[in-house]
Amino acid sequence: REEFLTGLLTFNLGVEGGQLTVIAIAMLLVWPFVQRGWYRHRVVIPASLVIAAIGVYWTVTRVWSA
């Protein structure tokens, strides 16, 4: 109980550090392709549409199940 706040903060810092590490690795892998003309049309737009569709699906399922 005495170490609850310290444990919570260090756990959250570890999780955030892991997320930043994954993002940094993803950026290093993707960066060479970002400057290419086909990247936006073949990767960014379709990925954005998939993410938006998932968000709409989750929203609809939560609204109707509530």
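Trainee: Hi! Which helix gives the most to the nonpolar patch?

Mentor: Helix 2, residues 37–65, which gives 5 residues. Helices here are DSSP runs of H or I, at least four residues, and strands are runs of E, at least two, numbered from the N terminus. This is a predicted model, where local features need pLDDT of at least 70 and side-chain atom pairs 80 or more, while totals for chains, interfaces and linings use all residues. Residues are numbered from 1 along each chain as its sequence is written, and side-chain values use heavy atoms, leaving out hydrogens and water.

Trainee: Which residues form that patch?

Mentor: F33, W38, V43, V44, I45 and L49, with about 480 Å² of accessible area together (Shrake-Rupley, 1.4 Å probe) on the surface. Patch members have over 30% relative accessible area and no salt bridge (Lys or Arg nitrogen within 4 Å of an Asp or Glu carboxyl oxygen), with nonpolar side chains joined within 5 Å.

Trainee: And W38, where is it found?

Mentor: W38 is in helix 2.

Trainee: New topic: how many helices and strands are in the protein chain?

Mentor: The chain has 2 helices and 0 strands. Its C-alpha atoms fill a box of roughly 55 × 40 × 10 Å along the principal axes.

Trainee: What share of the residues count as buried?

Mentor: Of 66 residues, 2% are buried, meaning under 20% relative accessible area. The chain's accessible surface comes to about 6,200 Å², and 71% of that belongs to carbon and sulfur atoms.

How values were computed:
Patch = residues over 30% accessible without salt bridge, like charges linked within 9 Å, V, L, I, M, F, W, Y side chains within 5 Å. Buried < 20%, exposed > 50% of the residue type's maximum accessible area, 1.4 Å probe, protein only.
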